[in-house]
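Open your viewer and get ready to pick out residues as we go.

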Amino acid sequence: MTAVPGLIAPGTLSPVADLVVAPGGLRVIGLDLSLTSTGVALPDGTTYRIKTRSKDGDRRLLVIRRSIREALAAHRPHVAVVEDLPTHAKGAGITANVHGVVKCELLDAGVPYGFVVPATLKKFASDNGNADKPEMAAAAYLAAGVEFPGDLTPSGKGGDMCDAWWLRAAGHDALGQPLFGMPQAQRDRLRKIEWPEPILQRYVVGVPR
């Protein structure tokens with residue numbers, strides 16, 4: 001695992017405003033799902049990847065399911081924010097299989113979830129719907145001074161932990177408990193998230209009842 005160092009951008013919010021570690025604070029888990037390398041951002045800000053081997057075939061789904069199940073049991077998130085499939089790829093089979101098993105685990109654990117399409121996440125993070133992986137990492141550093149060692153290959157591929165971290169941040173921001181300051185125009189991008197009824201019932205203008 002890679003521990004994420006400070007989640008609060010200097011000059012925006014005081015560390016006491018980070019409700020992740022405060023009693024009763026919102027616990028969000030971010031999930032960037034992939035059959036080969038799933039990025040996870042835990043409620044405490046820690047990020048890691050669930051790596052699988054292609055030679056294991058469909059049994060990789062079991063590895064991902066077991067890891068997600070353990071994370072949900074250990075960290076008991078209030079909400080999961082999952083990167084959705086791009087609109088033009090709703091029928092994509094491989095990643096859709098991963099979504100299926102992870103949804104089952106979230107449902108079994110009673111964790112409501114919302115989906116964010118990649119373009120919306122990129123616009124929230126960097127104000128650029130076509131941002132590449134290095135740009136997303138740069139945006140995380142600019143927003144909160146965080147880095148993700150080993151997350152990117154020399155050619156700029158990967159970025160699973162960074163995306164999961166942004167998904168978690170998006171959940172906090174959309175539900176009214178932001179981890180750091182963001183331009184309002186970028187924050188408004190998150191209005192596209194469709195939250196399930198359990199989340200809508202619990203949160204009123206982003207404040208827990």
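Which residues do ring pairs link into a cluster? Select F124, F148, W165, W166 and F180: ring pairs join them into one cluster. Keep in mind that this is a predicted model. The count of aromatic pairs comes to 6.

Start with F148 and W165, an edge-to-face pair with 6.0 Å centre to centre and 65 degrees between the planes. F148 sits in the loop between α4 and α5, while W165 belongs to helix α5, 17 residues apart. Colour both by accessibility: F148 is buried at 10%, and W165 is buried at 0%.

F180 lies in the loop between α5 and α6 (184-187), so the pair ties helix α5 to a part 15 residues away in sequence. F180 is buried too, at 2% relative accessibility.

Now widen the view to the largest nonpolar core, which has 31 residues; W165, W166 and F180 touch the most other members. Elements giving two or more residues to this core are β4 (79-83), α3 (118-126), α4 (133-144) and α5 (160-174). Of these, α5 gives the most, with 7 residues. Next, select I29, L31, Y48 and V82, which are among the 21 residues of a second, separate core.

Finish with the cysteines C104 and C162. C104 is partly exposed at 44% relative accessibility, whereas C162 is buried at 2%. How many disulfides are there? The count is 0.

Methods: Residues are numbered from 1 along each chain as its sequence is written. This is a predicted model: local features need pLDDT of at least 70, side-chain atom pairs count only at pLDDT 80 or more; totals for chains, interfaces and linings use all residues. Side-chain values use heavy atoms; hydrogens and water are left out. A disulfide is a pair of cysteine sulfur atoms within 2.5 Å. Buried means under 20% relative accessible area, exposed over 50%, partly exposed in between (1.4 Å probe, protein chains only). A nonpolar core is a set of buried Ala, Val, Leu, Ile, Met, Phe, Trp, Tyr and Cys residues joined through side-chain atoms within 4.5 Å. Helices (H or I, at least four residues) and strands (E, at least two) are DSSP runs, numbered from the N terminus. Rings of Phe, Tyr and Trp (its six-membered ring) pair if their centres lie within 6.5 Å; planes under 30 degrees apart count as stacked, over 60 as edge-to-face and the rest as tilted.
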